[in-house]
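Hi,

Here is the structure I promised to send over. My notes on it follow below.

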Amino acid sequence: MKLIDPNHPIYKPLWVRVLIVGVCLGWATIEAFGPEPFWAVIVGALGLYSAWVLLLNFKPEPPKATVESTGADDQDEDDEPADEKK
């Protein structure tokens, strides 16, 4: 189960990925020194997971080529033209 889709276009710039990881780990640090260490563990785990997915294993898919077709290219090779079909 993927919690973060690394192929989403928002994650393409490096600064966005670093900012997400930094905010999560920074908030975990703040919570660790506060009265709620439970939330420090939760947010810290989220920060580590996002670092793993967005920084260490980030391999975006190459952009898919868009093919612009004309009316003549839409027919299959095996199909006969419309005026020659019986």
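Let's start with I4: beyond its neighbours within four places in sequence, I4 is in contact (heavy atoms within 4.5 Å) with Y11, Y49, S50, V53 and L54. Bear in mind that this is a predicted model, where local features need pLDDT of at least 70, side-chain atom pairs count only at pLDDT 80 or more, and totals for chains, interfaces and linings use all residues. Numbering runs from 1 along each chain as its sequence is written, and side-chain values use heavy atoms, leaving out hydrogens and water.

I4 also belongs to the largest nonpolar core, along with Y11, V53, L54 and F58. A core here is a set of buried Ala, Val, Leu, Ile, Met, Phe, Trp, Tyr and Cys residues joined through side-chain atoms within 4.5 Å, with buried meaning under 20% relative accessible area, exposed over 50% and partly exposed in between (1.4 Å probe, protein chains only).

As for aromatic pairs (ring centres of Phe, Tyr or the six-membered ring of Trp within 6.5 Å; planes under 30 degrees apart stacked, over 60 edge-to-face, the rest tilted), the count is one. The F38 and W39 rings have centres 5.4 Å apart and planes at 75°, so they sit edge-to-face. F38 counts as exposed at 52% relative accessibility, while W39 is partly exposed at 44%.

Cheers
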